[in-house]
Amino acid sequence: VQLQASGGGLVHPGGSLSLSCAVSGTIFDINDMGWYHQAPEKQRELVAMTIRGGITTYADSVKGRFTISRDNAKNTVTLQMNNLRPEDTGVYYCKVVIEDGAGITSDHWGQGTLVTVSS
C-alpha cells in the first residue's frame with residue numbers, strides 16, 4: 001500500500017490550500033482516512049478524520065476552517081484548509097486504516113507535505 005500526499009506550499013495568513021492523498025496498492029477496504037499535523041518541534045496531532053459511512057471529526061482548532069472529504073471510488077482523501085493561520089504551519093501527514101479480507105486492520109502513513117503560513 002502506498003500513500004501519495006500533495007498540495008502543500010506557502011500561503012499568507014487567511015489564505016487557503018487543499019491537500020490530497022491518493023492510496024494505491026492491494027486494498028480490500030479502507031476504513032478511516034485522516035490528516036495529522038506536526039508543527040516544528042511538536043508531536044503529531046490529529047487534524048481531521050473521516051470514517052467509512054461519512055462521519056467526520058475535527059480538532060477544535062480547525063473546526064469551521066478545514067473540511068475533510070473522501071472519494072471511495074478513487075481511494076483519495078482531501079483536506080480543504082481555509083483561513084489559514086501561522087500556527088497551522090507544519091508537515092501534514094495522511095493516514096489510512098486498511099482492512100484486509102480477513103478483518104485485520106493496519107495503519108499506513110503518507111510521506112508528509114509541508115504547509116507554511118507566513119506573511
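Predicted model: local features only at pLDDT ≥ 70, side-chain atom pairs only at ≥ 80, totals over all residues.
Modeller: Residues are numbered from 1 along each chain as its sequence is written, and side-chain values use heavy atoms, with hydrogens and water left out.

Colleague: What makes Cys21 and Cys94 a disulfide?

Modeller: A disulfide is a pair of cysteine sulfur atoms within 2.5 Å. The S to S distance of Cys21 and Cys94 is 2.1 Å, so the pair meets that definition. The structure holds one disulfide. Cys21 lies in strand β3 and Cys94 in strand β9 (residues 90-99), 73 residues apart; strands are DSSP runs of E, at least two residues long, numbered from the N terminus. The link is right-handed, with 50 degrees about the S-S bond.

Colleague: Why is Cys21 called buried?

Modeller: Buried means under 20% relative accessible area, exposed over 50%, and partly exposed in between, with a 1.4 Å probe and protein chains only. Cys21 has 0% relative accessibility and therefore counts as buried. Cys94, at 0%, also counts as buried.

Colleague: Why is the pair of Tyr93 and Trp109 called edge-to-face?

Modeller: Rings of Phe, Tyr and Trp (its six-membered ring) pair if their centres lie within 6.5 Å; planes under 30 degrees apart count as stacked, over 60 as edge-to-face and the rest as tilted. The centres of Tyr93 and Trp109 are 6.5 Å apart and their planes stand at 80 degrees, so the pair is edge-to-face. Tyr93 belongs to strand β9 and Trp109 to strand β10 (residues 105-109), so the pair ties together parts 16 residues apart in sequence. Tyr93 is buried at 14% relative accessibility, while Trp109 is partly exposed at 37%. Together with Tyr36, these two residues form one aromatic cluster.

Colleague: How do you know that the charged end of Arg44 sits over the ring of Tyr93?

Modeller: The criterion places NZ of Lys or CZ of Arg within 6 Å of the ring centre and within 35 degrees of the ring normal. For Arg44, the distance to the ring centre of Tyr93 is 3.6 Å. Arg44 also lies over the face of Trp109, at 4.7 Å from the ring centre.

Colleague: What makes β1 an edge strand?

Modeller: Two strands pair if DSSP finds at least two bridges between them. Five bridges join β1 to the antiparallel strand β3 (residues 17-24), including that of Gln4 with Ala22. In the open sheet of order β1-β3-β8-β7, β1 (2-6) and β7 (66-71) each pair on one side only and are therefore the edge strands.

Note on methods
Helix = DSSP H or I, 4+ residues; strand = E, 2+ residues; numbered from the N terminus.
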